[in-house]
Each structure stands twice: as structure tokens, then as C-alpha cells.
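Please look over the sequence and the model shown below. The paragraphs after it go through the structure part by part.

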Amino acid sequence: MIKHWYEKYPLDPIWVPSSGTNVTLGRIHHRFKVFFCQTIPAFMFDLVMIASMKQTKFRMTKHNNNLVLGMQMMEFFFCNTWKWNDSNSKELRSLLQSQDQAMFNFDSTSFLWDEQTCTYVKGTRQFIVKENMKSYPVARNYLSRLRMVDRALKIFFFLIMWRLLRKRTGDVLRMLRSLSKVLYYILMSKTTAVLARYLQT
């Protein structure tokens with residue numbers, strides 16, 4: 001659900017892998033992934049853009065820093081779980097008349113969680129990451145282009161790795177064939193030597 005709303009109201013252009021949001025189970029693992037999959041690519045992208053004279057500031061690095069800062073602010077809520085007991089609220093609701101229940105609706109089962117999630121995503125974008133709320137179409141188009149580039153790069157690297165492994169596999173197979181031939185000749189020479197000794201006696 002949350003992934004759907006982040007795709008509809010994405011953050012300003014950053015490198016987002018096509019696999020989408022990834023959840024990590026440890027802080028060290030998360031920081032490792034952030035450094036190698038966000039910080040370094042953003043910095044390298046900025047270096048390339050500055051070297052090609054297409055921009056003069058480290059824009060992607062700034063976006064990444066805002067994103068990391070937002071994640072650090074929300075870390076307490078992401079890393080902890082709460083179990084709420086609403087038995088008192090249910091009991092209070094059962095004591096209300098139907099008109100009062102309609103006027104003061106605090107039944108958690110009637111909440112529209114889809115709308116709540118949409119509000120959460122918009123609030124994250126506006127108040128935590130401090131981004132312009134009118135730039136959704138630009139961010140969506142940029143995100144779709146980045147995903148296409150990401151998929152193309154993955155296919156390209158897969159083909160390179162497959163080609164390298166195929167060459168290596170051929171080398172390994174040739175080495176195994178020659179090794180098996182050597183072992184076969186050693187085994188046959190030992191066998192013939194043993195047979196020759198046996199026949200001489």
C-alpha cells in the first residue's frame with residue numbers, strides 16, 4: 001500500500017532501483033546499503049554532471065542527504081512496534097447512542113487506511129523532506145526514466161557477467177577434460193604396470 005502511494009507521489013528525482021523499497025533487519029546493514037546504493041551513486045552522478053558542465057551544484061547529494069535525514073528522523077517509528085489495547089474505547093462506544101456514535105466516530109475498524117497512508121506519504125514529502133508539492137508530474141516522469149535506465153543497466157551487466165562466465169566455464173571445462181585425461185593416463189599406466197607384474201609371476 002505504501003509503495004503504491006510513494007510511486008504516485010514520489011520524492012524529487014533520486015536513483016530508485018526497479019526492485020522498489022527494501023527492508024533491512026539491522027542498522028549496520030541498512031547504513032551499508034545506504035552508503036553503497038545511495039550516497040556513492042548520488043555523489044558519482046553529481047561528479048559526472050559537473051564534469052560535463054550540465055550542473056554546478058551537488059544536487060543529487062543534497063537530495064540524498066535530505067532523504068537520509070528524513071529516515072533518521074523516522075527511525076524510532078520504523079524500528080519499534082506498539083500494540084494498542086482499545087478495549088476501553090470499544091466499551092465507551094458501546095455505551096453511546098447511535099447518533100453519538102455517528103457524530104463521534106472513534107472506531108478504529110472504520111478508518112480508511114488507504115487514505116491515511118496517502119496523507120502520511122504527502123506529509124513525509126512536505127514536512128520531513130521539505131520538497132515542493134507541485135512537482136509530482138516531473139518526479140513521476142523522472143522516476144520512470146530512472147527505472148528504465150536501471151533495468152537496462154541490469155540487463156547489460158547480466159549479459160557481461162554471462163559472457164564472462166561462459167568464457168570461464170569453457171576454460172574450466174577444458175581444464176577438467178585435460179585433468180581427466182591426465183588422471184586416465186596415470187590410472188591406465190598404473191593398471192598396466194600391475195598387470196605386467198602379475199603376468200610375469
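**A salt bridge and the overall fold**

K90 and D86 form a salt bridge, with their closest N and O atoms 3.8 Å apart. The term means a side-chain nitrogen of Lys or Arg within 4 Å of a carboxyl oxygen of Asp or Glu. By this rule the count is one salt bridge. K90 counts as exposed, at 52% relative accessibility, while D86 is partly exposed, with a relative accessible area of 27%. Here buried means under 20% relative accessible area, exposed means over 50%, and partly exposed lies in between (1.4 Å probe, protein chains only).

This is a predicted model, in which local features need pLDDT of at least 70 and side-chain atom pairs count only at pLDDT 80 or more, while totals for chains, interfaces and linings use all residues. Residues are numbered from 1 along each chain as its sequence is written, and side-chain values use heavy atoms, with hydrogens and water left out.

The chain has seven helices and zero strands. Along the sequence the pattern reads α-α-α-α-α-α-α. Helices (H or I, at least four residues) and strands (E, at least two) are DSSP runs, numbered from the N terminus. Of the 201 residues of the chain, 18% count as buried. The accessible surface comes to about 16,600 Å², and 66% of this belongs to carbon and sulfur atoms; such areas come from the Shrake-Rupley method with a 1.4 Å probe, and for residues only the protein chains shown count as cover. Among contacts between residues at least 6 apart in sequence, 62% join residues at least 24 apart, where contact means heavy atoms within 4.5 Å.

Helix α2 covers residues 27-51 and holds F35. F35 is partly exposed, with a relative accessible area of 42%. L47 also lies in helix α2 and is partly exposed, at 37%. Both F35 and L47 belong to a nonpolar surface patch of about 740 Å², made with F32, F36, I40, F43, M44 and F58. Patches are made of residues with over 30% relative accessible area and no salt bridge, like charges being joined within 9 Å and nonpolar side chains (Val, Leu, Ile, Met, Phe, Trp, Tyr) within 5 Å. The C-alpha atoms of L47 and F58, 11 residues apart along the chain, are separated by 7.7 Å.

Helix α3 (residues 59-78) contains N64. N64 counts as buried, at 5% relative accessibility. Apart from neighbours within four places in sequence, N64 is in contact with Q38, T39 and A42. C79 is in the loop between α3 and α4 (87-95) and is exposed, with a relative accessible area of 55%.

Helix α6 (residues 113-128) has 16 residues, which should span 22 Å at 1.5 Å a residue; its end C-alpha atoms are 21 Å apart, which agrees. The expected span is 1.5 Å times one less than the number of residues. In α6, the buried residues include T117, C118, V121, G123, T124, R125 and I128. After α6 comes K130, whose phi is positive, near 60°.

Which residues make the largest nonpolar core? The five are W5, Y9, C118, V121 and Y136. A nonpolar core is a set of buried Ala, Val, Leu, Ile, Met, Phe, Trp, Tyr and Cys residues joined through side-chain atoms within 4.5 Å. Leaving aside neighbours within four places in sequence, V121 is in contact with I2, W5, Y6 and Y9. In soluble globular proteins, nonpolar side chains tend to be buried together.
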